[in-house]
Amino acid sequence: MPVITPFRRPPRLPDDAPDDPGAPGAAGPAPLEALRARLARRRSWRARRPRAARAVRRVTTAFSAILVLGALLLPNTLVALEPNRFARLPGEAVVAAVLLLCLPRVPRLVAAALFGTALGALTVLNLLDMGFTEYLGRSFNLVLDWGLLDDAQSFVADAMGGAAATWAAVGAVVLAVLLLVLMALAAVRLGELLAAHRERAARGALMAATVWMTSAALGVQTFGVPVATTSASKAARAQAHRVVDTLRDEAAFAKEAKADRFGATPGGQLVPDLRGKDMIFTFIESYGRSAIEDPVMAPGVGRTLDASTASLAKAGFQARSGWLTSATYGGSSWLGHSTFLSGLWVDNQQRYRTVTSGDHLTLTKAFAKTGDWDTVGVMPGVQKAWPEADWYGLDKVYDAFDVGYRGPKFSWSTMPDQYALEAFQRLEHGRKRDRPLMAEVILTSSHQPWAPIPRMVGWDEVGDGSVYDGIEASGVKASDVIADSTRSKEEYGRSIQYSVTSLTQWLERYGTDDTVLVFLGDHQPLARVSGDGASRDVPVSIVAKDPKVLDAIDDWDWTEGLEPAKDAPVWRMSSFRDRFLTAYGSVPHPTGAGD
């Protein structure tokens with residue numbers, strides 16, 4: 001019997017389709033057909049391996065639930081990152097479940113994807129908050145702080161190497177993208193699961209809502225935390241308020257910066273009681289109150305301060321010391337510098353840009369305005385163009401490349417403080433000149449990660465810095481310190497001892513009857529060293545041989561010596577400029593916002 005082959009009508013091709021499907025320009029499978037083919041293969045796999053498919057579905061669902069609930073309950077500080085934080089019921093999950101159950105399929109998919117993406121973005125911001133709180137003592141500012149991520153990468157490169165910094169940056173970007181994508185997919189997955197079991201899901205949502213409202217009303221707690229929470233909503237609102245407050249603050253601060261008590265004071269009426277003195281304003285990186293009071297660092301730092309006070313006294317110098325509350329914490333040293341010298345509270349990058357682009361009088365510029373001082377800056381941490389020099393009133397700035405250093409870097413610090421001070425002596429302070437000198441010196445050896453730390457060498461041995469090659473090579477590695485809190489404290493304390501010793505020995509060796517040194521810390525070290533909830537106070541000292549210099553600040557009630565007493569006065573750092581100018585005879589001539 002003959003075999004009859006059924007007739008199959010060939011698929012109709014478009015009028016402009018080529019006769020040969022394999023010919024160049026032939027249209028491939030339509031996207032919809034390709035999608036259907038993939039779905040068919042997927043269904044086929046599920047049919048062939050039902051147990052494996054069921055296991056994959058359950059694992060995927062569980063992972064999605066963990067991801068979404070974890071993100072909703074994630075705190076924005078490392079201190080709060082404890083297991084009990086995740087034993088709560090987020091109100092946002094209940095509201096999202098009810099909303100998704102009420103929507104038809106397409107709007108549900110869109111809403112779930114948007115919800116997941118927003119939750120992923122909030123998770124990224126919470127992680128940034130953790131890092132900023134740990135290092136800078138404040139939350140991440142969505143408007144101002146993106147530029148600081150470059151500084152973070154540079155710090156990692158200096159501390160851990162260029163390859164580590166590159167991989168860290170790549171890893172951070174990949175993590176952020178993965179969080180956005182995975183959170184969106186997880187939300188869609190959970191939304192489809194709710195729709196597939198609508199009746200049971202509705203009952204579960206009703207029960208969850210009842211539990212949440214009851215717990216909120218009665219204040220029910222588990223493991224010491226409330227069961228009912230809306231932490232994700234609060235975090236989102238905090239981010240939004242931070243953005244609004246930042247934009248408002250920009251306008252308010254611009255007006256504030258125009259008002260200056262000494263803005264119109266003629267040069268002849270500025271610091272007349274310091275005429276003829278060499279004025280040195282020095283910042284010691286991360287020199288905070290913790291260095292003097294923390295039980296791990298205090299013994300060594302205290303011995304150094306006592307010994308330095310005694311050595312300076314033998315050389316004829318006396319000192320007075322107090323406390324200032326810095327505008328920054330853990331980093332962003334330039335905010336502390338500008339706050340101290342401008343008399344304005346410069347606690348964020350926008351304020352810094354605003355004030356440095358104006359003409360508000362800085363303490364250093366006051367000396368330049370008199371016409372009686374040469375003004376210089378020694379900035380070994382500056383490695384690129386620094387236009388702020390004009391705002392500070394500095395005639396000449398020596399950056400990392402201008403002081404002839406040929407030795408090794410010490411992690412972030414481009415050169416040891418002893419070398420920077422010896423170079424300052426060689427290039428400026430030791431020169432014969434017609435006018436006295438006003439200098440701003442920024443010391444960097446106590447910058448985190450505090451490894452390796454330089455050692456003091458004979459001042460005559462400093463040379464071009466090559467003497468430090470062996471010292472750097474034999475020092476502690478940054479990678480051995482950076483993640484160990486106790487080790488970080490120990491090395492931080494040693495770095496402060498080194499910086500203070502370098503500065504005070506320089507003053508003993510090169511200071512004259514007319515030298516006046518003002519030195520202070522720019523901010524506290526990060527929380528891993530200073531401790532959670534530490535103050536923002538930093539020590540400040542004025543050192544001079546001429547007793548009239550210290551007599552002028554008798555009413556400040558500062559402590560004798562280089563170590564301020566615990567109960568010594570504490571002022572906001574922004575108040576120092578006006579107090580200093582007033583103490584040394586300056587006459588106020590205010591300018592206002594309308595001038």
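**A strand and its two partners**

Modeller: Happy to! Let's start with one pairing: in this predicted model, Gly377 stands opposite Val397 in strand β8. Gly377 belongs to strand β7, and β7 is the part to look at here. Strand β7 covers residues 374–378, while its partner β8 covers residues 396–398. The two strands pair in the parallel sense, over three bridges.

Strand β7 also has another partner, β9, which takes in residues 437–443. Here too the strands run parallel, and five bridges join β7 to β9. To find this pairing in the view, look for Asp374, which stands opposite Leu437 in β9.

Now turn to the side chains of β7. Asp374, Val376 and Val378 point one way from the strand, whereas Thr375 and Gly377 point the other way. Whichever way they point, all of these residues are buried. Strand β7 is thus described as mostly covered, with five of its five residues buried. For that label, a residue must have under 20% relative accessible area.

For contrast, you can look at the surface. Arg58, found in helix α2 (residues 50–73), is exposed, with a relative accessible area of 59%. Together with Arg51, Arg54 and Arg57, Arg58 forms a positive surface patch. There is a negative surface patch as well, formed by Asp551, Asp554, Asp555 and Asp557. Of these, Asp557 sits in the loop between α19 (547–551) and β12 (559–560), and Asp557 is exposed at 57% relative accessible area. Back in β7, by comparison, Asp374 is buried.

Conventions:
Residues are numbered from 1 along each chain as its sequence is written. This is a predicted model: local features need pLDDT of at least 70, side-chain atom pairs count only at pLDDT 80 or more; totals for chains, interfaces and linings use all residues. Side-chain values use heavy atoms; hydrogens and water are left out. Patches are made of residues with over 30% relative accessible area and no salt bridge: like charges are joined within 9 Å, nonpolar side chains (Val, Leu, Ile, Met, Phe, Trp, Tyr) within 5 Å. Accessible areas come from the Shrake-Rupley method with a 1.4 Å probe; for residues, only the protein chains shown count as cover. A salt bridge is a side-chain nitrogen of Lys or Arg within 4 Å of a carboxyl oxygen of Asp or Glu. Lys and Arg count as positive and Asp and Glu as negative; His and the chain ends are not counted. The place of a charge is taken as NZ of Lys, CZ of Arg, CG of Asp or CD of Glu. Helices (H or I, at least four residues) and strands (E, at least two) are DSSP runs, numbered from the N terminus. Buried means under 20% relative accessible area, exposed over 50%, partly exposed in between (1.4 Å probe, protein chains only). Two strands pair if DSSP finds at least two bridges between them.
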